[in-house]
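Opening my notebook on this one.

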Amino acid sequence: QNSLVTGPPGTGKTVMAMLRAQALVQESPDTKASLIMYNKVLVAYSGSWQNPEFKNGVDVRTYHSWVYKIWSDLIARDKPPLMPNDKWSYDWPRITPEFTKRRAALGHVIVDEAQDQPKEFYQFLGAVSVLGPDTDCCVVADENQQLHEGNASIADIKLGLRVAGAFQDFPLTRNYRNTRPIAKLAKEFYTGTKTGIPELPSGRNSEGRRPLLVSCPDQQRMIDRIWNYARNNQEHSILVICTAGE
């Protein structure tokens, strides 16, 4: 059955995607599981996971690499159709019928950062997974973190998955990533999307130092301060806040 995991930043969505992929391959050594990440940084992060079942059984790829692979493996030994004058956008209305008429099986497909793919991609996944038990999808998304306006909303993803019938919906609500002071600061930057604001961390391990806000009189002094602090405090994180256009 298809499933959708939603939640604001820090609630554990990527970890859940990785655990889902691991659980699938542990069930059977013959399981085919693909974990699709938005960019190479996330792929490197996931690929560094030391669990042997995960490393040996899960195919971790970027979105573009995965599309090229399934097209080459299942349809034709050439490039998948692209939209006119855009080498990064796939022509899903042309691609989808090629897979459905062949009843192509994609196996278990887990998509992380799903809000950064076009809505037509989820219409494709829904159409392919409706054909039988050989394809199912677990989609992980958060509209708070959408990088490009016009990509899939949560509603778009649900509409695509619903083509294959009922799907499971799992909302995550608590911030597990940050200390409580950092989480309180992060709450000020939410934009009001449907995935909402995470519950603040709780428990003794959630306490930490309050963030230090530093204002510099000019840009060069700011650069020097950041450079010196980062060099002398490599275990710390630094957030630079700029107004639009700077």
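I'm working with a predicted model here. I started with L19, which sits in helix 1. Its relative accessibility is 37%, so L19 counts as partly exposed. I then looked up the nonpolar surface patch: V15, M16, L19 and Y45 make it, and it covers about 350 Å². Which helix gives the most to the patch? I found that helix 1 (residues 13–27) does, with three residues.

I got a count of eight salt bridges, and I picked out a few.

D91 pairs with R94, and their closest N and O atoms are 3.9 Å apart. Is D91 buried or exposed? I noted a relative accessible area of 12% for D91, and under 20% means buried, so D91 is buried.

Next I checked E98 and K101, which form a salt bridge at 3.5 Å, N to O. Both lie in helix 5 (residues 92–101), three residues apart, which is about one turn of the helix. K101 has 57% relative accessibility, so I put K101 down as exposed. E98 has 21%, so E98 goes down as partly exposed.

K158 forms a salt bridge with D169, with 3.3 Å between the closest N and O atoms. K158 is in helix 7 (residues 154–162) and D169 is in strand 6 (residues 168–171), 11 residues apart. I have K158 as partly exposed at 25% relative accessible area, and D169 as partly exposed at 35%.

Terms used:
Residues numbered from 1 in each chain as written. Predicted model: local features only at pLDDT ≥ 70, side-chain atom pairs only at ≥ 80, totals over all residues. Heavy atoms only, no water. Patch = residues over 30% accessible without salt bridge, like charges linked within 9 Å, V, L, I, M, F, W, Y side chains within 5 Å. Areas by Shrake-Rupley, 256 points an atom, 1.4 Å probe, with all protein chains shown as cover. Salt bridge = Lys/Arg side-chain N within 4 Å of Asp/Glu carboxyl O. Helix = DSSP H or I, 4+ residues; strand = E, 2+ residues; numbered from the N terminus. Buried < 20%, exposed > 50% of the residue type's maximum accessible area, 1.4 Å probe, protein only.
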